[in-house]
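Try each task before you read its solution.

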Amino acid sequence: MHLKNGAKIAVIGGGPAGSFFAHLALTYAKQSGIKVSVTIFEKKHFDKKGAPGCNMSAGVLSEALLDKLSEQHIHLPPACIQQEIEGYFLQVPEYSIPLHYPYPPHKTRIVTVFRGSGPRFANCDITSSFDHFLLEHARKAGADIILHPVTSLEIPGNPNDLIKLTYGEGASKGEYTADLVVGACGVNSDTLSELNKMGFGYIPPKTIRTCIVDICPTKTVNDALYGNNIYVFSLGLKFIRFAAFIPKGAFLTICLVGKKDMDKAQLNTFLNQPKIQKMLPEGWDDSKKRCICFPSIPINHARHPYTNRLVVIGDAGISRTYKNGIDSAFTTAQLAAKTAIERGVSEKDFEEGYFRPAEKLLGRDNIYGGIILTANDIISRQKHVVSSHIKYMSEHPDTWETKWMNEVLWNTVTGNATYKDIFFKSIHPRLLLSLFPVTLYSFTKKSKTW
Ligand SMILES: Cc1cc2nc3c(=O)[nH]c(=O)nc-3n(C[C@H](O)[C@H](O)[C@H](O)COP(=O)(O)OP(=O)(O)OC[C@H]3O[C@@H](n4cnc5c(N)ncnc54)[C@H](O)[C@@H]3O)c2cc1C
């Protein structure tokens, strides 16, 4: 089952996975001398402010992703970049330490972006939207864009027949027949349950609800409080897995990921921590200048995200748990596009060319990710242990142990290395043995305080 000249590809969703797929499929088709048409269906209008025009995320783009985009000649325009990030700060209850890129002299490149046209109260326009930029890039590469939701899909009994989809409502309702349908709808979409009901074996990823708050401290205040640094917090709060302050020019994004669904009460508990209060700019609680959303994030990957003439990519397919989801969207889009153009669009083609490699690259690494996150949950509640190690790092900045721990922590917060690498580096016997006295001291300190 191959795509031939004149084949039509429908992409459901114009977020990163959908736009990357369109760009890559058109590139590979050109290289293979096949003429295909790609149509992206996108239900959001990225010129709208706040959640309605935004694929809600923290908006940190990793160096690995920026390198992949450059290789594809996709260069972010300056209007899209809110801030260049130079480093991270790890804040534990009693100490704060800077984390550096561990492999000098190379300087890492990390940038922050808005996915839509900025927070609901902001004065930004569509040129600041990363997702709009990618969608326009796909349009320039030759994709057609239809700004309407896909409302239904019909998979024919005979795999040689094409897939029919319906989009839009009322006067803008239309039908489209495709040789291949690509599900790039993310995890905040009703389309996941539609795909599940179709009976080809697709089970969507499990998700939890996170929380994102955008405020506007002004650039001067941001520079004074945070500089070009992302602040990551490990304050021993049971319900928080990851909390960060991410500066974006005049704005600050606060990102919270919990162990279960986040809600407003948990957000308030976090914001009212004395350490957090000290780091928040004045006027942060002005409700007219706050944009809050609770998007879902996948915590595992989908089962069977493919059948004949249909493949599910990005968050709705497989992504790396909690880290660099946009980079995973690129990886899955690339594997699926290569398979569709160069190999074929049957269930077997997608299993061998897309799913197995993606599972190997991302799915298996998530097993190590799960172990690291669970260990982190346990350790971060032992405030005395965390504080002793961070104190050691701040008082002995030049020892090999501090450099080693900096590398582990840097890679954990940035997602710069695989979870497998981070796991083995963090349990290395030489490190554990050398830090044993620090760990032991932290326990004696704890018992003295009882
Ligand atoms: C709190 C949080 C913080 C995050 N921080 C980061 C970060 O800093 N860096 C990073 O790399 N990743 C981050 N991520 C992950 C990242 O947001 C996702 O991995 C990424 O957006 C996945 O891209 P996608 O294209 O698969 O899905 P999405 O970005 O969700 O895009 C899906 C698109 O499909 C459209 N759509 C859905 N259904 C339909 C339909 N029926 N018809 C038409 N259109 C439809 C939607 O409108 C949307 O535009 C974060 C996620 C969360 C929740």
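Predicted model: local features only at pLDDT ≥ 70, side-chain atom pairs only at ≥ 80, totals over all residues.

Residues are numbered from 1 along each chain as its sequence is written.

**Exercise 1. Into which domains is the protein divided, and how do domain 1 and domain 2 touch?**

Step 1. List the domains, whose bounds come from an automatic or database domain assignment. They are domain 1 (7–45 + 129–204 + 301–366), domain 2 (80–123 + 208–297) and domain 3 (374–449).
Step 2. Find the contacts (C-beta atoms, placed from the backbone, within 7 Å). Here 7 residues of domain 1 meet 11 residues of domain 2.
Step 3. Sort the domain 1 side by class: 4 nonpolar, 2 polar and 1 charged. Ala, Val, Leu, Ile, Met, Phe, Trp, Tyr, Cys and Pro count as nonpolar, Asp, Glu, Lys and Arg as charged, the others, Gly among them, as polar.

**Exercise 2. Which residues surround the ligand most closely, and which helix gives the most?**

Step 1. Collect the shell (C-beta atom, placed from the backbone, within 6 Å). It holds 39 residues; the closest are Gly13, Gly15, Gly186, Gly314 and Gly325.
Step 2. Look at helices (DSSP runs of H or I, at least four residues) and strands (E, at least two), numbered from the N terminus. H8 gives the most, 4 residues.
Step 3. Classify the shell: 18 nonpolar, 16 polar and 5 charged.

**Exercise 3. What is the strand order in the open sheet of 3 strands?**

Step 1. Strands pair if DSSP finds at least two bridges between them. The order is S3-S7-S4, with antiparallel pairing.
Step 2. Name the edges: S3 (60–61) and S4 (83–85) each pair on one side only.

How values were computed. Contact = placed C-beta atoms within 7 Å.
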